Amino acid sequence: MTEQLTYSDYLALDDLLGAQHLRSTPPHHDELLFIIQHQTSELWLKLMLHELRSARDALRVDDLHTALKRTARVKQIQFSMTEQWSVLATLTPSEYVEFRRFLATSSGFQSYQYRAVEFLLGNKNAAMLDVFDSDPSARAMLAELLEQPTLYDEFLRMLARAGFAVPASLLERDVTLAHVFTPELVPVLLSIYQSSAEHWRFYEACEELVDLEDNFQLWRFRHLRTVQRTIGMKSGTGGSAGVAFLERALSQTFFPELYAVRNEIGA
């Protein structure tokens, strides 16, 4: 017998659409935009984590086809998240200031799913776990990812299994630390780029990783510009440094050797 299930039941719309609780008193019209912007971002981050974990696990068993399928979807999620900033950018400074104080100590800096994505891509920082001491499940999630190899770790291990001379220091590195630039890896990647026809699937994977990082940086930049046009150079909520913090984030890279190899191609 087919179960009777409505569209609303399947999507739990009562819960989903009832999760927007305005804090401003009296309720400010634009606070709903602010809440929905961040809630939808968290939903996209949840899907991004789902896909990145799957891509990483596929690389672990040399299933590059599945990994590339997953990263292709992540790229589309990134496009959606980046374009979404244009909606929040319609919030003017004078409108935001009317309800900003009601955010109290909450801040986007406290998004554990965003930190989880960064951990999966390689920007690990054990100190970030302390930010989530008041949220045991979030801290446990990040602690687990801290101990696990990143997407890049598994990609490099796959290259090593395929016969490429990936430096042992990378294959045996402490995965709880952030990846750091390793010059010895650049010639390995150069051999892939110089013989792209022979190594097409690895060449394609390299470019997919570059796409992921480029998209991530575009998202960061749009975030920065949206914050800047809304609050200027003031500190963010929750004590964050606001634009200054976001500017520093733009200097962070996940796959530095994939950019360094571009200096060598055709040199």
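Modeller: A crossing is left-handed if the near helix is turned anticlockwise from the far one by less than a right angle, and right-handed if clockwise. Bear in mind that this is a predicted model.

Colleague: In which hand does H3 pass H8, left or right?

Modeller: The axes of H3 (residues 31–60) and H8 (residues 151–161) come within 8 Å and cross at roughly 20°. Angles under 35 degrees count as roughly parallel, so H3 and H8 are roughly parallel to each other. The crossing of H3 with H8 is left-handed.

Colleague: How many residues of the contact of H3 with H8 are charged?

Modeller: H3 brings Leu52, Ala55, Arg56, Leu59 and Arg60 to the contact, and H8 brings Leu151, Glu154, Phe155, Met158 and Arg161. Six of these residues are nonpolar and no polar ones occur, while the charged ones number four.

Colleague: Are H6 and H7 roughly parallel or roughly antiparallel?

Modeller: The axes of H6 (residues 112–121) and H7 (residues 136–147) come within 9 Å, and the crossing angle is roughly 5°. With the limit for this class at under 35 degrees, H6 and H7 are therefore roughly parallel.

Colleague: Which residue follows H11?

Modeller: H11 (residues 200–231) has 32 residues and should span 46 Å at 1.5 Å a residue, which agrees with its end C-alpha atoms being 46 Å apart. The residue after H11 has a positive phi, near 70°, and is Gly232.

Technical notes:
Residues are numbered from 1 along each chain as its sequence is written. This is a predicted model: local features need pLDDT of at least 70, side-chain atom pairs count only at pLDDT 80 or more; totals for chains, interfaces and linings use all residues. Side-chain values use heavy atoms; hydrogens and water are left out. Axes are lines fitted to C-alpha atoms, for helices over the stretch in contact, and angles run from 0 to 180 degrees between N-to-C directions. Helices (H or I, at least four residues) and strands (E, at least two) are DSSP runs, numbered from the N terminus. Angles under 35 degrees count as roughly parallel, over 145 as roughly antiparallel, 65 to 115 as roughly perpendicular and the rest as oblique. The expected span of a helix is 1.5 Å times one less than its number of residues. Contact means heavy atoms within 4.5 Å. Ala, Val, Leu, Ile, Met, Phe, Trp, Tyr, Cys and Pro count as nonpolar, Asp, Glu, Lys and Arg as charged, and the others, Gly among them, as polar.
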